[in-house]
Amino acid sequence: MVQGKIKMGAAKKSAGSLKKKVHNSKQKTKGPTAAAAKGRKRASNNPQKAVARSINKKNEATIASRVLASGNRLSIADLSDVGKAEIKKSKMAHVKKANKAKSQADRAQQELKKMGRL
């Protein structure tokens with residue numbers, strides 16, 4: 001056999017040596033750990049988020065009502081329903097304000113009518 005003529009490749013590595021090794025830290029935790037709050041406590045921890053959501057919902061409703069009032073269509077059914085309800089609310093508020101007696105004499109007459117004296 002001739003020596004030095006045959007070139008051998010590098011030795012094959014085993015599958016175990018190719019696996020990614022997980023190195024655990026020496027100190028896993030430091031101090032006490034607290035579990036995340038659930039349910040009612042979680043809501044009470046962040047009241048700003050609830051306020052922001054309610055403001056966003058109201059703004060969404062007013063914008064949807066303005067879009068529908070201007071004659072445009074909304075492709076999202078939920079928003080169109082909310083917009084229609086908001087338009088209805090604003091109309092009711094307008095009618096209520098228009099029917100309200102302006103002077104004290106008018107208010108007194110309305111009270112007398114309720115009592116059945118007029």
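Student: What covers the buried residues of α4?
Tutor: In this predicted model, α3 is among the things covering them.

Student: And which residues of α4 are buried?
Tutor: They are Leu79, Ser80, Gly83 and Glu86.

Student: Ok, how many residues does helix α4 have, and how far does it reach?
Tutor: Helix α4 runs over residues 77-99, which makes 23 residues. From its first C-alpha to its last it reaches 33 Å, close to the 33 Å expected at 1.5 Å a residue.

Student: Back to Ser80. Why does Ser80 count as buried?
Tutor: Because its relative accessible area is 10%, and buried means under 20%.

Student: What does the side chain of Ser80 reach?
Tutor: It gets to the backbone oxygen of Ala77, at 2.7 Å.

Student: Leaving aside neighbours within four places in sequence, what is Ser80 in contact with?
Tutor: With those set aside, Ser80 touches Leu68 and Leu74.

Student: New topic: pockets. What volume does the largest pocket have?
Tutor: About 150 Å³.

Student: Which residues line the largest pocket?
Tutor: The lining is made up of Gly39, Arg42, Ala43, Asn46, Lys49, Ala50 and Arg53. Two elements, α2 (40-45) and α3 (47-69), each give two or more residues to that lining.

Student: Which element gives the largest share of the lining?
Tutor: That's α3, with 3 residues.

Student: How do the lining residues of the largest pocket divide into nonpolar, polar and charged?
Tutor: There are 3 charged ones, plus 2 polar and 2 nonpolar.

Notes: Residues numbered from 1 in each chain as written. Predicted model: local features only at pLDDT ≥ 70, side-chain atom pairs only at ≥ 80, totals over all residues. Heavy atoms only, no water. 1 Å grid on protein atoms, 1.4 Å probe; cavity = no way out; pocket = protein on both sides within 12 Å on 5 of 7 lines; lining within 4 Å. Points joined across faces, edges and corners; volume = space filled by probe spheres on them. Helix = DSSP H or I, 4+ residues; strand = E, 2+ residues; numbered from the N terminus. Nonpolar A, V, L, I, M, F, W, Y, C, P; charged D, E, K, R; others polar. Expected span 1.5 Å × (residues − 1). Buried < 20%, exposed > 50% of the residue type's maximum accessible area, 1.4 Å probe, protein only. Contact = heavy atoms within 4.5 Å. Polar contact = N/O pair within 3.5 Å; in protein donor to acceptor, adjacent residues only side chain to side chain.
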